[in-house]
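Here is a briefing on one protein model. Please look over the sequence and the fold before reading on.

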Amino acid sequence: MRPIHDTLDWNLLRTFIVIVQEQSVSRAATRLYLSQPAVSLSLKRLEERLGQKLIERDSHRFRVTEAGHLVYREAVEIYANVARLAASVGESDPEIAGHISLAFVTGIECCFLDSVLEQFHQRHPHVTFEIEDMSSMEVQQALLQRQSLLGICLMQRTPDHLTGHTLARQQYRLYCGPHHHLFGRHNLSMDELKLEPYISFSSEQLDGVLSPLAVFRANQGLKGPVVGQSSRLQEIQRMIEASMGIGCLPEYTVMRDVKEGRLWPLPPYDGVAPIDLNVLWHSDERFNVVERTFIEFFQNALAKVPLEDRLSRGIDTAPPDLKQSAAS
């Protein structure tokens, strides 16, 4: 019998990559301009050829198995190697040029995101960018109205017509400013916070994107008056640092401010709630060449860095294929 590397159809791996990225056979079929039965058959053929179940799915769930994750990582690496091979023999696509509009929620601190932009620019220096700073709801509306190609925001669920992936997981904690009477105090109890004036995000409501913070306040009985409110993280931090009241901020974003004495962490000392930062784009994929190139670059980068490392690590510290591709 001929070895698998001599007989495995690359198109099966390419289809599998898209299935995993879309988390759906039907959406993968739309993206690949194929019928859903054809994509399902490709998945079945790949599983039979490898002798492993790669995806478990029914009408209620879609789950990539451990073997599926391994195949996905290897397939993405193969894809990057093929792209480099094409470039090395002069068969790569002509240098692309164009403009990309992005919409980001305010106050993102993410080494992975910074690295994606840096390496994409190195690879495609003739592509220009515009980044708009807005609230999470505004990000989603900008994408739905096609004012932006890709957005990063907080959300409770993925809106219809948008494709979403978790970019990073942020741990929110309570803080006070340097002139607050609780600043510098250790081993505080939650009871000591119950009547403290509070700084609130506008979306810190039970039906808002920061609903876990509202649930936390209700469960802990934090009944202090709301003395400041904003949809912008920078303004929330400004009011907390001004010692107007206590409030929640993403831990990684304010690490330097804590170290430099502008903020003081309050209980609960293991954090208030983890909240996901999400990356979104329109699901019908009417993208031009520049836009599609950026989306695929972003997706491949997501596959290279584990979720738990994306706040503090860029793709240049991942396995070398993407780094070499960006430098080629």
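Buried means under 20% relative accessible area, exposed means over 50%, and partly exposed lies in between (1.4 Å probe, protein chains only). By that scale, H161 is exposed, at 54% relative accessibility. The model is predicted: local features need pLDDT of at least 70, side-chain atom pairs count only at pLDDT 80 or more, and totals for chains, interfaces and linings use all residues. Residues are numbered from 1 along each chain as its sequence is written, and side-chain values use heavy atoms, with hydrogens and water left out.

**Overall build**

- The protein has 12 helices and 11 strands. These elements are DSSP runs, numbered from the N terminus: helices are H or I with at least four residues, strands are E with at least two.
- The protein has 328 residues, and 48% of them count as buried.
- Contact means heavy atoms within 4.5 Å. Among contacts with a separation of 6 or more, 74% join residues 24 or more positions apart.

**Helices α3 and α4**

- Helix α3 (residues 25-32) packs against helix α4 (residues 36-50) at an angle of about 110 degrees, and their axes are 8 Å apart. Axes are lines fitted to C-alpha atoms, for helices over the stretch in contact, and angles run from 0 to 180 degrees between N-to-C directions.
- The angle of about 110 degrees makes α3 roughly perpendicular to α4. Angles of 65 to 115 degrees count as roughly perpendicular, under 35 as roughly parallel, over 145 as roughly antiparallel and the rest as oblique.
- On the α3 side, V25, S26, A28 and A29 make the contact; on the α4 side, Q36, V39 and S40 do.
- The residues of this contact divide into four nonpolar, three polar and no charged. Here Ala, Val, Leu, Ile, Met, Phe, Trp, Tyr, Cys and Pro count as nonpolar, Asp, Glu, Lys and Arg as charged, and the others, Gly among them, as polar.
- P37 is found in α4 and is exposed, with a relative accessible area of 60%.
- P37 and S26 are 11 residues apart in sequence, and their C-alpha atoms are 8.9 Å apart.

**Q21, a buried polar residue**

- Q21 lies in helix α2 (residues 10-22). At 4% relative accessibility, Q21 counts as buried.
- The side chains of Q21 and Y72 make a polar contact (3.2 Å). Such a contact is a pair of N or O atoms within 3.5 Å; within protein, one must be able to donate a hydrogen and the other to accept it, and residues adjacent in sequence count only if both atoms are side-chain atoms.
- Leaving out residues up to four places away in sequence, Q21 touches R31, Y72, H165, Q299 and N300.

**Cysteines**

- The structure holds zero disulfides, a disulfide being a pair of cysteine sulfur atoms within 2.5 Å.
- The closest cysteine sulfur to that of C111 is in C110, 7.0 Å away and too far for a bond.
- C111 is partly exposed, with a relative accessible area of 30%, whereas C176 is buried at 0%.

**Backbone in the loops**

- H161 lies in the loop between β5 (150-153) and β6 (162-176). Its phi is near 80 degrees, a positive value in a residue other than glycine.
- N187 sits in the loop between β6 and β7 (198-201). Its phi is positive too, near 55 degrees, and N187 is not a glycine. N187 is exposed, with a relative accessible area of 71%.
- The peptide bond from P267 to P268 is cis, with omega near 0 degrees. P268 is in the loop between β10 (264-265) and β11 (273-282).
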